[in-house]
Every structure is written in structure tokens, then in C-alpha cells.
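The following note sets out points on helix packing, the nonpolar cores and selected residues. Please read it alongside the sequence and the model.

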Amino acid sequence: MKFNRFEEIDVWKSSRILVKEIYLITGEKAFQKDFNLVDQIRRCAVSVPSNIAEGYERKSNAEFVRYLYIAKGSAGELRTQLYLARDLDYINEVKFDELLKKCERNF
């Protein structure tokens, strides 16, 4: 499939929406006391669409694939952060399952 811009890539679009959801959930009261986890979960979420865009803009198939793997790694890191947030009761089981599925569906 040929893309003219990274903004046309479905996984970039869905990961961008996921970033917004992560920012909203980590802005809730339960997370307020854990600045480090909030920072980490937000950074790995932002890393997913950012790496997709960066890889695309390198204009090399090999580089694009390389950055897709980096984005996939960040999605794995995000899933781990979600497990921690669930373990610490910062998010409930329903929200956890919803966010985890979105992370997995992207990749």
C-alpha cells in the first residue's frame, strides 16, 4: 500500500487517538500521586505515533520498517505501564481491558 503522508496510515491514526485517551486517564485523580508513572506512560504512548511518523519521513522502506518495530516496542512498553496502573488500582478492570485491546490491535 502506498501512502503520500504518514497521516494516512491507519495505525498512526489509531495510536494518536490512544495517546489522547492515555492523557485523559492519567490526568484523573487516581494518578495524581504518581508523577513518575504518569510521565512514563505518557512518553511511551507518544512514542508510538511519533516513531511511525519519523520512520515514514525517512523515505526508506528499511528505515520505515525499523521505526515500525520501535513503535511496536513502545506499544509493548505501554501495555506494561497499563498493567502497573491496574495493579496499583489507578484504573479499573474495564478501562484496563479497553486500553490494552487498543494497544494490541494497533500491532
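1. Terms for helix packing. Angles under 35 degrees count as roughly parallel, those over 145 as roughly antiparallel, 65 to 115 as roughly perpendicular, and the rest as oblique. Axes are lines fitted to C-alpha atoms, for helices over the stretch in contact, and the angles between N-to-C directions run from 0 to 180 degrees. Helices (H or I, at least four residues) are DSSP runs numbered from the N terminus.

2. Basis of the note. The model is predicted, so local features need pLDDT of at least 70 and side-chain atom pairs count only at pLDDT 80 or more, while totals for chains, interfaces and linings use all residues. Residues are numbered from 1 along each chain as its sequence is written, and side-chain values use heavy atoms, with hydrogens and water left out.

3. Packing of α1 on α2. The two helices α1 and α2 pack at an angle of about 165°, their axes being 9 Å apart; α1 and α2 are therefore roughly antiparallel to each other. The crossing of α1 past α2 is left-handed, a term used if the near helix is turned anticlockwise from the far one by less than a right angle (clockwise gives right-handed). On the α1 side the residues that meet α2 are Val11, Trp12, Ser15, Arg16, Val19, Ile22, Tyr23 and Thr26. Their counterparts in α2 include Val38, Ile41, Ala45, Pro49 and Ile52. The residues of this contact comprise 13 nonpolar, two polar and two charged. Here Ala, Val, Leu, Ile, Met, Phe, Trp, Tyr, Cys and Pro count as nonpolar, Asp, Glu, Lys and Arg as charged, and the others, Gly among them, as polar.

4. Packing of α2 on α3. Helix α2 (residues 35-57) packs against helix α3 (residues 61-87) at an angle of about 160°, with axes 8 Å apart. This pair, α2 and α3, is therefore roughly antiparallel, and α2 passes α3 in a left-handed crossing. The contact of α2 with α3 draws on 16 nonpolar, six polar and three charged residues.

5. Nonpolar cores. How many residues does the largest nonpolar core have? It has 19 residues, and those with the most contacts inside it are Ile22, Phe31, Leu78, Leu82 and Ile91. A nonpolar core is a set of buried Ala, Val, Leu, Ile, Met, Phe, Trp, Tyr and Cys residues joined through side-chain atoms within 4.5 Å. Two or more residues of this core come from each of α1, α2, α3 and α4 (93-106); α2 gives the most, with five residues. Apart from this core lies another, of 12 residues, among them Val11, Ile52, Ala53 and Ala75.

6. Ile22 and Glu21. Leaving aside neighbours within four places in sequence, Ile22 is in contact (heavy atoms within 4.5 Å) with Ile41, Arg42, Ala45, Leu78, Leu82 and Leu99. Glu21, in helix α1 (residues 10-26), is buried at a relative accessible area of 14%. Buried means under 20% relative accessible area, exposed over 50%, and partly exposed in between (1.4 Å probe, protein chains only). With the neighbours within four places again set aside, Glu21 is in contact with Lys95, Glu98, Leu99 and Lys102.

7. Leu100. This residue of helix α4 counts as buried at 9% relative accessibility. Not counting residues up to four places away in sequence, Leu100 touches Arg79, Leu82 and Tyr83.

8. Two positive phi values. Most residues other than glycine have a negative phi. Lys59, in the loop between α2 and α3, has a phi near 60°, a positive value in a residue other than glycine. Asp89, in the loop between α3 and α4, likewise has a phi near 60°. Lys59 is exposed, with a relative accessible area of 58%, and Asp89 counts as exposed at 58% relative accessibility.

9. Residues of α3. Glu63 lies in helix α3 and is partly exposed, with a relative accessible area of 24%. Beyond residues up to four places away in sequence, Glu63 touches Gly55 and Arg58. Lys72, also in helix α3, counts as partly exposed at 41% relative accessibility. Lys72 and Asn51 are 21 residues apart in sequence, and their C-alpha atoms are 9.2 Å apart in space.
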